[in-house]
Every structure is written in C-alpha cells, then in structure tokens.
Amino acid sequence: MCFFPEKMMEAYKGAPFTGDGKTMFLYVFGMLGILMAHGAMMNATMRLDSANATARGATCLGNAIGWGIFLFIDSVMAFNLPIPGFTNALPNAMPSEGIKANLVLFSAIVAINVLGWKDAGSPKPNVALPQGVMALPLKILLADALFWGAGTVLAPAKMFDMYLPGVIAKSGAAKAMIWCIIERIGWSVVTSIILTVLVTSAVPGDADTNYRVARSFVYRNFMFLGFVSRDNVIRAATGWAMPLAVQNTVQMVGITLFCATQLGAVNITVRKTKSA
C-alpha cells in the first residue's frame, strides 16, 4: 500500500485509474498503508516474550475484534449487500473475487487471535483510559485518533472535503474505490483505538506495556510526517487546494514532538529476548 500500491491492485485484479482519480486513490491508499503498518508495529512489540502476558492476550482480543470488523465490512461488500450510510457497495473497479479472498484471510486472522487470547487465559480488560507512565501522551494520541476515526466513519465526505475540497468529486472512475479505501481508513483508526484501550486496560499503569504502545504510535507518526511532506509535492504537481495543510502539519509535529520527548524521558529499558 505504501510502496507498491499499483502492484497490489494488480494482485486484486483491480482496474487501473488515470488523472486526478489515480493520484487521489494512491494518496488514500498510502494513508491506509501507514495505519496497517501501525497495527504491525503494535503486534511486533507485544508478541515478544518480554511483553506482559496479559497484555499479549489483550492484544489478541483487540486483533480479533478489529479484523472481525473488517471481515464484516468486506462480507457485505463481497456479496453486494451494502448498508446505506454505513458501508459501501462493491466498486466496479474491484472484482468480487479479490474481496472474497480477503474473507478467507480475515477469518483465519480472527480465528488465530481468538486462540491466542484463549491461550493467554482469556483476559477481559476493564476498559479505561491509560494510567501511569506515558498516560498523558497516550490520551492525547487517542483523542487525536478519535477525531480522525469518528470523522472519517461518520462523515467521510465532510471530513475529506475539509482537507482536499472538490478533489474526490473530480476523480471519475476511481471515485467508488476512493470511498472504499476511506471507509477502511476510518475503521483502521477506530480499531487502533480499541486495541490500544484494551491493551493498556489489561494491565493498568504497567510502564512496560504503556511504553510499547506509545512507541508504536510515535513510529506511526514519524511515517505520517513523511506523508505530510508528500502533500507538498502533490499540491505543487496537481494544484490541489489544501486549506488545512498548515494546521495539519502543526498538529502532527506538535503531537509527535511532545509524545516522542515524553517517551525519551521515560527511565525504562524494554526487556530484550533472543527473538528480538
């Protein structure tokens, strides 16, 4: 998604796009790629033996819920049963076979994570905001994610028109696929919130767990800062209006700088294992 988006679409046998539609599709596809990478970062650090066992179990629970949401979204799309105002119909540019293949993959991911959760003792976190070390940075990161997640899920047209007014409207044949990806961007943010809250609630105030989770968000934001830099290239090449570009940059830099500084100030060493 981030580096070889067109090759990935070829694997799904998706139709190619041209002009502004192609540029916008690749733009949102890259955004989704960063969010998927964040999930990988969370799992990469929580899978280690040095991570808290209960937090690892909660990670599996969060994964099962998150991928279960995507399994539902792709199921209604694969069988062309959209829920008006909630899920998108199958775009003409995307053969249903590719989405149906996702159903098999997502089902396997959900099943594996349910087994992992059970193997960890089926922890059931008492859901609460982060506590203890790194609690404030985590709360800020969650608030920022909630703004994006709620806005993109509940009012995607208004949300993206604030940042890129009129661009999707002139995206031609790519428009339906763009909305499909935006839908997944919103739910990726929502599932990251669910995962974060479940993991930090499983072991309230645990410094090691909070550090791992906060670090994954900081790494994600580093990638988004690169995405912000790309905005300037796209704006210069296309002439697109980006009225909130400065505000977006200041917000991203401010949050990332604060959280990274707090992370660096924590007197903690994450335990290493042979598999690290």
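Predicted model: local features only at pLDDT ≥ 70, side-chain atom pairs only at ≥ 80, totals over all residues.
## The pairing of helix 2 and helix 3

Helix 2 spans residues 19–46 and helix 3 spans residues 53–78. Their axes come within 10 Å and cross at roughly 155°. Angles over 145 degrees count as roughly antiparallel, and helix 2 and helix 3 are therefore roughly antiparallel to each other. The crossing of these two helices is left-handed.

On the side of helix 2, the contact is made by Met36, Asn43 and Met46. Helix 3 contributes Ala55, Arg56, Thr59, Asn63 and Trp67.

## The largest nonpolar core

The largest nonpolar core holds 51 residues. Within this core, the residues that touch the most other members are Met24, Phe25, Tyr27, Val28, Phe160, Ile178 and Ile185. Two or more residues come from each of these elements: helix 2, helix 3, helix 4 (96–119), helix 5 (135–154), helix 6 (156–163), helix 7 (175–202), helix 8 (207–238) and helix 9 (245–265). Helix 7 gives the most to the core, with 11 residues.

Leaving aside residues up to four places away in sequence, Val28 touches Phe160, Ile178, Ile181, Ile182 and Ile185.

## A separate core

Another core, of 21 residues, lies apart from the largest one. Its members include Ala51, Leu141, Val203 and Ala214.

## Positive phi angles in two loops

Asn80 is located in the loop between helix 3 and helix 4. Although Asn80 is not a glycine, its phi is positive, at about 50°. The relative accessibility of Asn80 is 48%, so this residue counts as partly exposed.

Ser122 is located in the loop between helix 4 and helix 5. This residue is also other than glycine, and its phi is a positive value near 50°.

Asn210 belongs to helix 8. Its relative accessible area is 0%, and Asn210 is therefore buried. The residues that Asn210 touches, not counting those up to four places away in sequence, are Gln131, Gly132, Val133, Met134, Leu138, Thr200 and Gly205.

Note on methods: Residues numbered from 1 in each chain as written. Heavy atoms only, no water. Axes fitted to C-alpha atoms, helices over the stretch in contact; angles between N-to-C directions. Helix = DSSP H or I, 4+ residues; strand = E, 2+ residues; numbered from the N terminus. Parallel < 35°, antiparallel > 145°, perpendicular 65-115°, else oblique. Left-handed = near helix turned anticlockwise from the far one by under 90°. Contact = heavy atoms within 4.5 Å. Core = buried A, V, L, I, M, F, W, Y, C linked by side-chain atoms within 4.5 Å. Buried < 20%, exposed > 50% of the residue type's maximum accessible area, 1.4 Å probe, protein only.
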